[in-house]
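I opened this notebook to record what I looked up in the structure. The entries follow the order in which I consulted the model.

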Amino acid sequence: MYSNNFKFLNELFSLFTSQDKKYFFKIQIIIIIMAFMEVLSIASIAPLMSVVSNLETIQSNAYLFKAYSILNFNDPNNFVYFIGLCSFFAILISSLFSIFAIWQLAKFNSSINAQFANRLYSYFMGRSWNFHINKSSSELVQKIASESGRVTSGIISPLMKIISKIILTIFMLG
């Protein structure tokens, strides 16, 4: 079963142009960066919650105390605000990068959809005159639109989402 799935994915990947393959790998790098940033943004909440629940954590945690000392804070409440702002900006930057990554995924899917539609159109245009006499042009156009959309929205897009979730899970567990 798995060999059939990999064979199918390999065949699908072979339909990509060299430029599409490069863009695909660029998106994978973007997804890895996005996953890393999401983990960092989630991790940035832990020190904040720790300090908010107990101000003495600043003195007992070596890393927090070092940051408190290096940044010359005199009031623990100001340090809590600072950690809160750092956490907020980490989450904000992570969210903005996630938006960028999702935009890149959508752009890639649109590009692949258009290319597959063009290839199907070229295929049908290359068929014999008898083929076109027996087929309705509206039926062919509908088939081109639905089949190319089905490949991108039903296979490529979910595959990219699965890959991104696997990478995120690896970063969260690692």
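I take helices to be DSSP runs of H or I with at least four residues, numbered from the N terminus. On that basis I placed Ser-41 in helix α2. I note that the model is a predicted one.

Entry 1, the chain as a whole. I counted 8 helices and 0 strands. From the N terminus the order of elements reads α-α-α-α-α-α-α-α. I looked up the radius of gyration and found 25 Å, whereas a compact globule of 174 residues would have a value near 16 Å. The C-alpha trace spans about 85 × 35 × 25 Å along its principal axes. I found that 28% of the 174 residues count as buried. I then turned to contacts between residues at least 6 apart in sequence, of which 71% join residues at least 24 apart.

Is Ser-41 buried or exposed? I count Ser-41 as buried because its relative accessible area is 7%, and the cut-off for buried is under 20%. I set aside neighbours within four places in sequence and found Ser-41 in contact with Ala-90, Ile-91 and Ser-94. I also checked Leu-92, which is 51 residues from Ser-41 in sequence and 8.4 Å from Ser-41 in space, C-alpha to C-alpha. A polar atom of the Ser-41 side chain lies 2.8 Å from the backbone oxygen of Glu-38.

I looked up helix α2 (residues 18–43) against helix α3 (residues 45–53) and found an angle of about 0°, with the axes 4 Å apart. The two helices are therefore roughly parallel. Ser-41, Ile-42 and Ala-43 make the contact from α2, and Ile-45, Ala-46 and Pro-47 make it from α3.

I located Ser-164 in helix α8, which covers residues 137–173. Its relative accessibility is 8%, so Ser-164 counts as buried. Not counting residues up to four places away in sequence, Ser-164 touches Ile-31 and Met-34.

Which residue caps the N-terminal end of helix α5 (residues 62–70)? I identified Asn-61, which has a side-chain oxygen 2.9 Å from the backbone nitrogen of Tyr-63. After α5 comes Asn-72, for which I noted a positive phi, near 55°.

Definitions and conventions
Residues are numbered from 1 along each chain as its sequence is written. This is a predicted model: local features need pLDDT of at least 70, side-chain atom pairs count only at pLDDT 80 or more; totals for chains, interfaces and linings use all residues. Side-chain values use heavy atoms; hydrogens and water are left out. A polar contact is a pair of N or O atoms within 3.5 Å; within protein, one must be able to donate a hydrogen and the other to accept it, and residues adjacent in sequence count only if both atoms are side-chain atoms. Buried means under 20% relative accessible area, exposed over 50%, partly exposed in between (1.4 Å probe, protein chains only). Contact means heavy atoms within 4.5 Å. Axes are lines fitted to C-alpha atoms, for helices over the stretch in contact, and angles run from 0 to 180 degrees between N-to-C directions. Angles under 35 degrees count as roughly parallel, over 145 as roughly antiparallel, 65 to 115 as roughly perpendicular and the rest as oblique. The radius of gyration is taken over C-alpha atoms; the globule rule is 2.2 Å times the number of residues to the power 0.38.
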